[in-house]
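Please examine the sequence and the structure shown below.

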Amino acid sequence: MRSLSPIQLIFVVLGALFVSSDAIASNEVWALTAFKEAIYEDPNLVLSNWDALDADPCSWAGISCSPARDRILTLNLSSSSLRGFLAPELGLLSSLEKLILHKNNFLGTIPKEIGMLKSLKVLDMGSNQLSGPIPQEIGDLSSATKIHLQSNGLTGSVPVEFGNLVNLVDLRLDRNKLQGTIPGNSNFQLVMNGMNVSDSSANGFCRTSQLKRADFSFNFFVGGTPACLKFLRRSSFQGNCFQDKNSKQRSNQQCAGTSPANSLPVANPERQHFGNVSRHLQASNKPGWLLSLEIVIGIAAGFLLLFAILTAVRRCKDQPRVVIPWKKAASMTDQKILYIDSELVMDVVRWSRQELEVACEDFSNIIGSSTDSLVYKGIVKDGPEIAVISLCVKEENWVGYLELSFQREVADLARLNHENIGKLLGYCRENSPFSRMLVFDYASNGTLNEHLHYGERCHLSWIRRMKIIIGIARGLRYLHTEIRPSFTISELNSSAVYLTEDFSPKLVDFENWKTILARSKKTSGQIGNVCCNFSDSVQARQLDIQGNTFSFGVLLLEIISGRPPYCKDRGYLVDWAKEYLEQPEVISHVADPELRHFRYDDLKVLCEVVKLCIHPEPSKRPSMHAVCNMMESRINTSITSELKDSPLAWAELAISS
C-alpha cells in the first residue's frame, strides 16, 4: 500500500487548520471519495449518493457524523456486496470511531494508514478477501476495543505491537493463514552454555489486560498457548499447529514448514545475540565430518533456493502487471504493483496485436470512429470477417480498476450467445505498444441508424422492419431473462443495432466504454480533483432493465416512422408521436411516408407496445418477455400474409429480395 506523500500531508494539515468548525474537513471528503474510487463493484448501488461535489457527507449511505455535523464518526458498509480495494486515504478520517466493512468482497492488503486513526474504537473487516500481513501499525490504535479480521486470507505473523492495545476487549483473527507464535510470553528464556538469560517483562497479548474475548482458531500458529491467554475457551485455539493433545489441531502434513524454530519472532536484538553465541558454541563441539556434511547440505539447499527464486521471478514477469486501483503515483517507481487474477478471461481467446494488425491492413481499414474508440474491419486468413474496437486511452491514465473493468467487460460479453447479439470473438491486451481491443464478428450491412437516416429507407420494407423489431426484442429477452446475471445495453439505440447481409439484427454494446474511459481522464488529478459518482458499469447495466425497455419503445418509433429520436425542428420523437398514439383514427400518421405498404394491424400492435414501454413509471413497464410474446403472437412476418393483404406487397417483395 502506498503511503501519503509529504506534500499530501501538508495539504491535510492546512485543511485541518482552516476548516470551519461547522463543516467536515475537505480532506475527509476527499478521503471518502478516494475510498469509493477504489471500489469497482457496487451491485446494490449503496454508494450511489456519495457525491464528491457535496461538501457535507453526513447524509451519505453508511456515514454517521457528530451532532454538530463537523466530524465523521462512523463508516459502516457491512453486508453491502462491495468489491474493491481499501484506499490508504482512510487514514485521513482522523475522528473516525467505527470502521465497519464486515461481509463484503474487499481485496488486497490492509493499508498501514489505518494505524493513523487514533480515535478508532471498532475495526471490523471480517469476512472479506483481504490478503497479506497484518500491518504492525494496527498496534497504534490505542483506543481500539474491538478488532475483527476473521475469515480473510491474511498471512504472516501477528505483530507483537498488538500488545500496545491496552483497551482491547474483543479480538477475532480466526480463519486466516496466519503463522508463527501467538505473541504473549511473559517469560522469555534462552540457554547459553548452561547459563540462563531471562526477561520477566510481559509482551504481546500478556499486556492487554482488558482482553475478554479472542479467537485464533483455524490458522497455522505454532508453539503453544500463552499462559496469560489460558482463560480463553479451548476452541479459540483449535485448527492450528500447536502440540496440544487436548484440542483439535491440524495434521502434521498441513503443518509442514510451520515449525516454531522458523516462526519464532525475535524479542529484541540482545536476545538474538545471545542465541547466536549459544549456537556458535554448540557448533564448535561438533565432529569435523558432521560439519562437512552440514556445509554440503547447505550448499545444495542454496542452489535449490536460487533455482526456485529464478523460476518464481520468471513466472511473475509473465503475469500481467496492474497498478493498485486508485490513482497513479508520482512516478512509476512509487507504484505498488499488484498481480490480478486473470481467471475472468482465461476461457476467452486472446489475440495478439500483430494478428489484428495484419487482419486490419495495418489498421488502415477504419469503418467507424468516436472520441473514445476506433472501429476497424478485418479479414482473418482462413477465418471470419471481424470488427475490431480499439479503445482510445493513454497508458498513463490506465489504472488498476480500469484494467479490472476491461477484464469484467470481456468476460461479460464472452458469455453472450444468441443469434441477435453480436458475438465477441476475443480481446487484445498488450502493453508495448499499449493496446486494449475487443474483437467481434463483423456484420456486413452496417448499423440500423445508417439505413434509417443516411441511406435509402425504401430498402427497409415493412416486412424487414418487422423482422428487425422482433429480432431486437428476442435479443433483449435473452439478455434480460434468459441469462444470469442479466445483461442490459448501456445505450440502446439504432446505432447499437448492426445488420447482417440478410438484415438480421445484432445488438452490440460499445457505448459502455464512455463511462469507463471517462474515469481514465480523471485519475491523474491532484487532491480534491477526484472523479466521482461512478457506479460499476457492468452491475449498473444489470439494474437498468426498465431503462432498456423505455429505449426499446423509442427505437420502435424510430423504426416505424423513419424519424430520429430527436431533431431541432420537431423536438423529441416521443413527444411528437404521443398525439397519434392516443388516437387510433390518426395512428397511420406514425408510419414512415417512404413505405410503399404497411399493415395497419401490425402498426396498431406496435403502437400499443410503444405506449407500454415508455410509461413514465418504470415499474409499470412490461418485461421484454411479455413484449416479445405480444409481438410474436400478433405480428405475422411471413411473406405469404403480406401478399394476401395488398398487391403493393409484390413490389415490396421485389425490393426486399
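Which residues form a disulfide with their sulfur atoms 2.1 Å apart? In this predicted model, the pair consists of cysteine 241 and cysteine 255. The torsion about their S-S bond is -90°, which gives a left-handed link. Cysteine 241 is found in the loop between β14 and α3, cysteine 255 is likewise in the loop between β14 and α3, and the two are 14 residues apart. Cysteine 241 is classed as buried because its relative accessibility is 6%, under the 20% limit. Cysteine 255, at 12% relative accessibility, also counts as buried.

The count of disulfides comes to 3. A disulfide is a covalent bond between the sulfur atoms of two cysteines. One of these bonds connects cysteine 206 with cysteine 228, with the sulfur atoms 2.0 Å apart. The angle about the S-S bond is -80°, and the link of cysteine 206 and cysteine 228 is left-handed. Cysteine 206 belongs to the loop between β13 (195–199) and β14 (213–215), while cysteine 228 belongs to the loop between β14 and α3 (260–263), so the bond ties together parts that are 22 residues apart in sequence. Cysteine 228 has a relative accessible area of 28% and is therefore partly exposed, since that class lies between 20% and 50%.

Another disulfide joins cysteine 58 to cysteine 65, with an S to S distance of 2.2 Å. This link of cysteine 58 and cysteine 65 is left-handed as well, with -100° about the S-S bond. Cysteine 58 and cysteine 65 are both buried. With the bonded cysteines counted along the chain, the disulfides follow the pattern 1-2, 3-4, 5-6.

Is aspartate 347 buried or exposed? Aspartate 347 is exposed because its relative accessible area of 71% is over the 50% limit. This aspartate lies in the loop between β16 (337–338) and α6 (353–359). The C-alpha atom of aspartate 347 is separated by 9.6 Å from that of glycine 426, a residue 79 positions apart from it along the chain.

The helix contacts can be followed from α9. Helix α9 (residues 462–482) packs with helix α15 (residues 624–634) at an angle of about 150°, the axes being 8 Å apart. The two helices are therefore roughly antiparallel, a class that requires an angle over 145 degrees. The crossing of α9 and α15 is left-handed. On the α9 side, the residues that meet α15 include Ile469, Ala473, Leu476 and Arg477. On the α15 side, Met624, Cys628, Met631 and Glu632 are among them. By class, the contact of α9 with α15 comprises 7 nonpolar, 4 polar and 3 charged residues. Cysteine 628 has 0% relative accessibility and therefore counts as buried.

How do α9 and helix α12 (residues 545–561) lie, and at what angle do their axes cross? The axes of α9 and α12 come within 11 Å and cross at roughly 175°. That angle makes α9 roughly antiparallel to α12. From α9 the contact includes Trp462, Ile469, Ile472, Ala473 and Leu476, and from α12 it includes Ile545, Phe552, Leu555 and Ile559. The residues of the contact of α9 with α12 divide into 13 nonpolar, 2 polar and 1 charged.

Methods: Residues numbered from 1 in each chain as written. Predicted model: local features only at pLDDT ≥ 70, side-chain atom pairs only at ≥ 80, totals over all residues. Heavy atoms only, no water. Helix = DSSP H or I, 4+ residues; strand = E, 2+ residues; numbered from the N terminus. Buried < 20%, exposed > 50% of the residue type's maximum accessible area, 1.4 Å probe, protein only. Disulfide = S-S within 2.5 Å. Axes fitted to C-alpha atoms, helices over the stretch in contact; angles between N-to-C directions. Parallel < 35°, antiparallel > 145°, perpendicular 65-115°, else oblique. Left-handed = near helix turned anticlockwise from the far one by under 90°. Contact = heavy atoms within 4.5 Å. Nonpolar A, V, L, I, M, F, W, Y, C, P; charged D, E, K, R; others polar.
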